Amino acid sequence: MTDPVVKKIANKDARRLLLNTQGLAPLKSGRLDADGLHGIIRSLGHVQVDSIRTVARAHDGILFSRHPGYRPALLSRLLEKEARLFENWSHDAAIIPSEWFPHWRPRFVRLRKDLSERGHWRNRLGDDPEAAIDRIRAVVTERGPTMARELLDPGRGPWWGWSPTKTALEYLWRTGELAIRDRVNFQKRYDLTARVLPAELLNGEPRPQDHIDWACRSALERLVFGTPREIAGFWGSIDTDTARQWCERHLGGDVIQVFVADHTGDSGRTLFALATIDAHLAASADPPSRVRALSPFDPVLRNRPQTAWLFGFDYRIEIFVPAARRRFGYYVFPLLERDRLIGRIDMKHDRAGDRLAVAGLWLEPGIRRSRGRTQAIMAELDRQRRFVGAKTVHFPDSAWRS
């Protein structure tokens, strides 16, 4: 058997492909309605949810960077009023199109077994885990939408941590019996999944091979190219060996191998891609010159090793790094200009001062602080200011760090 032909993709083309696929090119404008927002989320696959709000919460920042017309109320409508989206886990807590809920059913079955056997889960549930779960299931069934803080744990008082009550709620959510009805000050209100999602999504389960095909193909559509491990990790619903076997089985048909050059042009990686990649490349627009601040949880940054070799940008979130050891800041936003990550900015919404405050901005080596670039950065800061509703931008000259 001869080795398959490996298509070569230049670094600039690879970055253009990725930014188009991830919704960061071409530049969007105009009004955004519910259908348009649903389409953005569907094209991304899922949007990670995170509670940190130095400027805006991660999911809001991710969606705002893709359409300046985005507002959180529109997302709440799709989640809480129309149930066209649901929250559960992919690689992390995420917002996902509800039409794919049946593909979570195999995960729920697996998690019921896995979580029941994990010692730390059972310990958190107390002396009688099954009784704790049954009790919370009955409470939610009777009272409807429920927050953990509204329940009492026998002998423990209100919940302020991972008590048996909170653990039981999370167990029932992660295994599919409960869903998130809505949030109050970002705290989850759980309800029976049957009372949250449309009935037609609750029955039936894809055949194992159909689920594998969906997981691999839909992952590659959004990753553009990847290793079996990266393909499997996109949804977190299959293992690496399963993804590798799928790629090898389809190789030479609707899957090909591509050699993607790194940011230096001297090296690269051989990866799997869909055979439609040429058509995708031909249809891809050049990324806009507008500077955009990306959420640290933006999907284009999720694969940190890829960000390093493809963009030449070494990025980590330093929220868990002691302050004295941080290189940049607690929650630093990468800055995207065209197809380059040109720097990072430490900013926050100072609500008491009603301002968007910049503590530091670092440009990457070789990136000049030109007048035009400075104006583009200031324009982005003003967009961020208006998005969070702050009155002013505070950006002292001392905040420039390079």
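This is a predicted model: local features need pLDDT of at least 70, side-chain atom pairs count only at pLDDT 80 or more; totals for chains, interfaces and linings use all residues.
Reader: Where does Asp354 lie?
Author: In the loop between strand 14 (340-350) and strand 15 (355-363). The phi of Asp354 is near 55 degrees, a positive value in a residue other than glycine.

Reader: And Ala83, what is its phi?
Author: Also positive, near 55 degrees, and Ala83 is not a glycine either. Ala83 sits in the loop between helix 4 (72-81) and strand 3 (85-89).

Reader: Is Ala83 buried or exposed?
Author: Buried, because its relative accessible area is 10%, and the limit for buried is under 20%.

Reader: Now the hairpin. How do strand 7 and strand 8 pair?
Author: Strand 7 (residues 178-184) and strand 8 (residues 187-192) run antiparallel, with six bridges. Ala179 is opposite Asp191 in strand 8.

Reader: What is in the turn?
Author: Two residues separate the strands, and Asn185 in the turn has a positive phi of about 50 degrees.

Reader: Different topic. Which residues does the cis peptide bond join?
Author: Ala25 and Pro26, with omega about -10 degrees. Pro26 is in the loop between helix 1 (11-21) and helix 2 (34-44).

Reader: Last one, His250. Which residues is it in contact with, leaving aside neighbours within four places in sequence?
Author: Asp213, Arg217 and Val255. His250 belongs to helix 11 (residues 240-250), and at 18% relative accessibility His250 counts as buried.

Key
Residues are numbered from 1 along each chain as its sequence is written. Side-chain values use heavy atoms; hydrogens and water are left out. Helices (H or I, at least four residues) and strands (E, at least two) are DSSP runs, numbered from the N terminus. Buried means under 20% relative accessible area, exposed over 50%, partly exposed in between (1.4 Å probe, protein chains only). Contact means heavy atoms within 4.5 Å. Two strands pair if DSSP finds at least two bridges between them.
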